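User: I would like to go through this structure and ask what stands behind each label. Please keep the answers brief.

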Amino acid sequence: MAEYKTIMIGDFVDSKEGERFDLSSTLRLRARSIDQKRLWASKDRSAEFMGDIWSLFVDSEKEERIRTVLHSVCVELIENSVKYGCQDYDYIITTDLCLKRDELLVYVANKSDPSQIPALETAAHLILNTDNIRTLFKQKMKEAKAAKKQGRNMSQLGYIRIVMQNVSLAWQIEMGAEATVVTTLAKIPLAEKDA
Amino acid sequence: MPEEYEEIEDFFETVINEVSEENLTELILDLRALTFLNSSGIKTICVSLVMEADDVEGLRMKILCSNSFTWQVETIPTFKDLIDNLDIVFE
């Protein structure tokens, strides 16, 4: 019998608790109907759309910041989904946005090749366990420069960039018989003072 | 796909080579009209231009920024963590 296993990293809140949210919306990008190049080309528009629409639902003085942060969070997470998503399945990317009174939750889920999960877990723990995100940014830039000199392309900056905007991250990894589903959750606080 | 920044990387490499060959002392990057940049773009600027400029002896780099764009206000100042010889000017 197939073994199912779910791993949570960080403070993950299940999106299935949707009825507790004030507003929610879902964007599904279907792999069967959009090839990867078009998907990649569309990611900025999708992220910008999310930022534009959802910023309208927060207090007006926060609108500009939320638009920018939401755009940035969505673009990084959708990019990761396109890069690391598995094209063999039907829906490869699902983006859920849920508005609670004091925070905006962004869920991006994609089916993934199980071989990529260990690297994701390492990156997630590195982000969550760091005391100083700017030091980690500096370290990753130095590593990227060294990699470039060796002809390799290395980044891992997407998650760091999200956290640098005072957004927290969590992950849920569901390992099933046929596929692994990775859901990344970004929590954007609404209650705090604007930076 | 991620290689979309290769052209810009090549351009930055040309700039650094010419700055170095001509013994120029100042390099200005004007980002004031750039409304948004993702992490791959930020990495490209940091790794292929800012950190490379730091390796050119006698060269000081200046980045012109706009207060109108949140991403610039929140992100560009962190570039000073990467090199010492960097002026960041907001307007």
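User: Where in chain A is Phe57(A) placed?

Analyst: Phe57(A) is in the loop between helix 1 (36–55) and helix 2 (63–84) of chain A. Helices here are DSSP runs of H or I, at least four residues, numbered from the N terminus. The model is predicted: local features need pLDDT of at least 70, side-chain atom pairs count only at pLDDT 80 or more, and totals for chains, interfaces and linings use all residues. Residues are numbered from 1 along each chain as its sequence is written, chains are lettered from A in the order in which they are written, and side-chain values use heavy atoms, without hydrogens and water.

User: Why is Phe57(A) called partly exposed?

Analyst: Its relative accessibility is 45%. Buried means under 20%, exposed over 50%, and partly exposed lies in between (1.4 Å probe, protein chains only). Therefore Phe57(A) counts as partly exposed.

User: What makes the salt bridge of Lys145(A) and Asp55(B)?

Analyst: The rule asks for a side-chain nitrogen of Lys or Arg within 4 Å of a carboxyl oxygen of Asp or Glu. Here N to O is 2.6 Å, so the pair qualifies. Across the interface of chain A and chain B, the rule finds four salt bridges.

User: How many residues of each chain are in contact?

Analyst: 30 residues of chain A are in contact with 26 residues of chain B. Contact means heavy atoms within 4.5 Å.

User: Which residues does Ile63(B) contact?

Analyst: Leaving aside neighbours within four places in sequence, the contacts of Ile63(B) include Leu29(B), Val50(B), Phe79(B) and Asp87(B).

Methods:
Helices (H or I, at least four residues) and strands (E, at least two) are DSSP runs, numbered from the N terminus.
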